[in-house]
Each structure stands twice: as C-alpha cells, then as structure tokens.
Amino acid sequence: MPVGILGGTFDPIHYGHLRLAEEMLELARLRQIRFIPAGTPPHRDLPQVSAVHRSAMVQLAIADQPAFVLDGREIQRTTPCYTVDTLRELRAELGAAQPLCLLMGGDAFLQLHSWHEWEQLFELAHIVVGYRPGFTLEERIHTAMPQLQSHYQQRLCAVEALSQQPAGGIVELAIPKLEISATLIRSRVAENRSIRYLLPNAVADYIHQHHLYTTC
Ligand code: ATP
C-alpha cells in the first residue's frame, strides 16, 4: 500500500489539513501519511513560530489517528529544504518498490513548475491532487505551463495505479475543501477572537498556553 507525504508549514495545523489527509488516506488507500513540517520553506515567508512548536502542534493533532505520523526530517535541516531532496531520502529509506504519494491541493499542483527540480518529483513519487468537487483540475490545467500540461496528460491515472507502480502517476481526488487556513487562525488569535472548531482543541490549548500568534 502507498505511503502519503503531506508537507506544509503547519503554522499551525488545522482541520483543513486533517480533513485533506483523512480523505486522501481513505480514497487513495494509503497505509500511512507522513506529516512533514517545513523547516526553511524555499517558496514563502518564514513561519511565524518555531519548528519545535509547529511539530508539537502536529503531534497533538494527529495523536488519535494511528495512520498519521510526524516526520521531522525537514525541520532538522538548517538550509532551505526542497521536496525533491526529502523524497530522495524517503525513497532510499523505504526502498525502490514502495509506492510514495506526494499529496497536494490543485492550486499547488498548477504551480509545480516553480518547485526545485520539479520534473524529478515524478521519478520519485506519484502526485495525488485534491480538488474541490465542481472545480476540477481538468478544467484548469490549460492555465499551467505547457510542460506541466503534457506531464498531466501523459501521467493521469486511476487510483488503483498508485499501488501498482512506485512513482510516476498523477491522480485527482474530489475532496471538499474546508475554508480554513493557518493565516485565518493566526489573525483570529492576534485579534483575541475564538479559534474553536477550526482546529483540534489540543492544538488551540497549546497555542494559548505558549502565547503563540499574539501578534500578526
Ligand atoms: P497559510 O495560511 O499560512 O498559507 P495553510 O493553511 O495554507 O497556511 P500550509 O501549511 O501552507 O497551510 O498547507 C499545507 C498543505 O495543506 C498544502 O498542500 C495546502 O494546499 C493544504 N491545505 C491547507 N489548507 C487546506 C484546506 N483548508 N483544505 C485542503 N487543503 C489545505
């Protein structure tokens, strides 16, 4: 069974991430999902809170789902870390035959050409893309750069293919998107507003106990 990989800043983790992971676990029939908090993300601003806090919140959030695992490899690096390097490490550890699935939203997929060594990603893992029902990738793929469009056309496959090959496929899964973002949660905390029901209680308690996100 394939292993899923969900990278993110998780600044903080919330129910949008957890529902995405739960739906993908079920629909893609994954045996495990590794949550990999980014250390120094190459693509975006530095996270607002330390890697130690972000990892602790992920650990609290996934504690009751045995198929979800915290993987701290990226936060231990001090240099910018690229997904392609993380996948190379996982491939070396888990073996050439283990199917790996890189999980992401449709918006992230359409920007894939901006990732470091992006075409290598297909050699190392499948890519499983979550899209909102009624807002398919197929309808939007023409907005992607031509090289990405041709990978999409050649590699698109059914979910069953994920366990038959170790890497190289693209699978789309219809996943209702919750309108929750880490940005929303950070701003709610900074405004002293409630964050209940946007993320697990244990994570909300951790944020308050450690006085995280009190400023924007
Ligand atoms: P921020 O608001 O700080 O940009 P974020 O909430 O988007 O953060 P990230 O850690 O950047 O969270 O996201 C990690 C992964 O989770 C990305 O692939 C992103 O597409 C996905 N994701 C984030 N929020 C949701 C959501 N509400 N529903 C589905 N997927 C989500």
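Modeller: The crossing of α2 and α9 is right-handed (the near helix is turned clockwise from the far one by less than a right angle). This is a predicted model, in which local features need pLDDT of at least 70 and side-chain atom pairs pLDDT 80 or more, while totals for chains, interfaces and linings use all residues. Residues are numbered from 1 along each chain as its sequence is written, and side-chain values use heavy atoms, without hydrogens or water.

Helix α2 covers residues 51–62 and helix α9 residues 201–209 (DSSP runs of H or I, at least four residues; strands are E, at least two). Their axes lie 8 Å apart and meet at an angle of about 150° (lines fitted to C-alpha atoms over the stretch in contact, with angles from 0 to 180 degrees between N-to-C directions). The two helices are therefore roughly antiparallel (over 145 degrees).

Now the ligand. There are 17 residues around it, and H14, L178, I180, A182 and T183 come nearest (a heavy atom within 4 Å). The shell holds 9 polar residues, 5 nonpolar and 3 charged, with Gly counted as polar.

Polar contacts (N or O pairs within 3.5 Å) involve three of these residues by name. The side chain of H14 places an N or O atom 2.8 Å from a ligand oxygen. Ligand nitrogen atoms lie 2.7 Å from a polar backbone atom of L178 and 2.8 Å from a backbone N or O atom of I180. Alone, the ligand exposes 610 Å², and the protein buries 81% of that (Shrake-Rupley method, 1.4 Å probe). β1 (3–8), α1 (15–27) and α8 (182–190) each give two or more residues to the shell.

Methods: Polar contact = N/O pair within 3.5 Å; in protein donor to acceptor, adjacent residues only side chain to side chain. Parallel < 35°, antiparallel > 145°, perpendicular 65-115°, else oblique.
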